[in-house]
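Hi,

Here is the structure I promised to pass on.

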Amino acid sequence: LARNGLPALALLLAAGLLHTQASPSTRSFQLDYEHNCFRKDGAPFRYISGSIHYARVPRPAWRDRLLKMYMSGLSTVQVYIPWNYHETQPGVYDFTGNRDVEAFLDLTAELGLLVILRPGPYICAEWEMGGLPAWLLWKPDIVLRTSDPAYLAAVDSWLHILLPKIKPRLYQQGGNIISVQVENEYGSYYACDYGYLRHLLGSFRALLGSEVLLFTTDSTGAEELRCGTLQGLYATVDFGPGSNVTEAFGAQRRVEPMGPLINSEYYTGWLDYWGEAHASTSAAQVARGLEDMLQLGASINMQVSPFLQLTSLPWPGADYKDQYKPVTTSYDYDAPLLEAGDPTEKLFAIRTVIGKFQPLPVGPLPPATPKYAYGRVALWKVSAYPEGCAAPAWHCSAGQHPSLSLQYADLLDVLDVLCPSGPIQSQFPLTFEALKQAYGFMVYHTQLPWDVPDPATLSAPPHSISDRGYVMLQKEYQGTLERDGQTTLHVIGRAGDTLDILLENMGRISFGANTSDFKGLLGNLSLNSRPLSNWLIYPLAIDTAVQQGWPQAALPKSSSGGRVGPAFYTGTFETPGIAWDTFVKFPGWSKGLLWINGFNLGRYWTRRGPQQTLFVPGSVLHVGRPNNITVLELEEAPPTPLLLFLDQPLYNRTLGCSTTATE
């Protein structure tokens, strides 16, 4: 997660002039082993860079964020390309809209920024499966990030699509990409497969040419550097402000005795996990570490501008550190530039340090984007089938049926909308991957095979819930089964009673585990140790339904009862002639997802924290017509369902702490 910056305003201007005046043949970016630096067009060079994730920033905000980075003294940016963001199905590619990486790279060049590119194929980035597509797991025995022929075939196919888009943008070709990373922190992965790294090196060279600088990034441990480096790839390291700079660069020197010192990921913040405190790193500590590295002549890429995921799928990934640890929706981990684009004290401290080593761009830093507190918005539970209307409620006009009485739509009442192709029958549960469902939710439906007059134990085998299962008996919510948590519930019922488990994918592991992260029910549920069978499995396309306008025509009615269990709520609000950025708070809600105007803004998990608000960029809001809100609450809605739109975020409330004061 890093960004890079150019050393001096003069050099930045020169880069722009070179772009127009020098032929590509005179442009060069090389390693100087004798003087331990880079050479850019023959002159000594070092970069001060910062990371920006175009996939996590709404396209209308790209220019604002990049300009703020440039004006902070950074003249290079580091850019990840998530493979699964672009190849959504095998051989199906998307480079449109927010996914138009070429437009993003062209914008960096227009603003006079250089680029360090990190195209993976694995990127980590706290991104679902580290950027690897979930469809790789359709082949259940595939061995990821190795020389497995099935994996390499998919990688090669992708690189043959991606890298030809990159080659004309390389610095030597007249573009602004000065270096390209191969893989990412591979030394932290168990496989230690040099054949795989050699294969990638060959592919990158074949598709990008012999001149481009290719490099690796690893942490400073001896084992990590042994397995993550390869002759022909320049080895760089990553570490944060708490590290001893001399020792950390000493680790790089053991594998690269000569050449520039490089910290490819200088951590200006740290990531947040659901249920743990919000991470913070002091501005003074970050500035001090930066100055220490710059005094050694090092090139640095900072994790300067993390932003939340702003995509129409739940992209955040998870770590595995003795247990499954999903990361929060927001990617604002005490960042120098906040997810809404606001400069912080930390950013100004970084800018001051950079100013000691090179001239800063002339002029003020662009200001924070305007925010608006739109206030309280009441929601109501979505209706399913109104009386006297054969079609679902969202197909019925209130004008044609003014006296309709509504049946409220718990999620189980609208499976025909969310799974239009119908369920799959199976004797035993099947995984998401077996049914080619990448993300989101699936419902597993069966019936109790015998009477259960006394409480019986519904249990899942170890490690078989991936990742949360919301259990309903006769459509009544019973509780939740959780990965690395509660895996049993006690139930009573009669033979033939319906049993439904809504399974949620909380994000495939992006770092820390050595196995493929399959989702869904990975083993069979049992009742008092007797296996359940005869399942109907519904892969849900909730995102598609909401994007297509469901359930905008649901009719309002007070929902005094039935607040427990997975259900949809909807509402509308209007902006007062402006569409400014805002933050949504969920007073009294438990856990779920939010869409506004069909745009998936991610998960909230008020009960667990620390994140209590979701960022809503103004670019997704309408002016002059209502904004449609859809909430899928998974556990329990408040007695009075409403959302609170604020002009500032709330990130640091954990494990059900009272938030009454802020309301």
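Predicted model: local features only at pLDDT ≥ 70, side-chain atom pairs only at ≥ 80, totals over all residues.

Residues are numbered from 1 along each chain as its sequence is written, and side-chain values use heavy atoms, with hydrogens and water left out.

The protein has 12 helices and 38 strands (DSSP runs, H or I of at least four residues and E of at least two, numbered from the N terminus). Of its 663 residues, 62% are buried, meaning under 20% relative accessible area with a 1.4 Å probe, protein chains only. Taking contacts (heavy atoms within 4.5 Å) between residues at least 6 apart in sequence, 78% link residues at least 24 apart.

Now for helix 4, residues 101-110: its buried residues are V101, F104, L105, L107 and T108. They sit within an arc of 155° seen down the helix axis, so they line one face of helix 4 (the arc is taken from the directions from the axis to the C-beta atoms). Their cover includes helix 2 (62-71), helix 5 (149-166) and strand 9 (114-118). Just past helix 4, G112 has a positive phi of about 80°.

Then look at I596, in strand 34 (residues 592-596). I596 is buried, at 0% relative accessible area. Beyond neighbours within four places in sequence, I596 contacts residues including F573, V616, I629 and F645. Its C-alpha lies 6.4 Å from that of T630, 34 residues away along the chain.

Cheers

Technical notes
Buried < 20%, exposed > 50% of the residue type's maximum accessible area, 1.4 Å probe, protein only.
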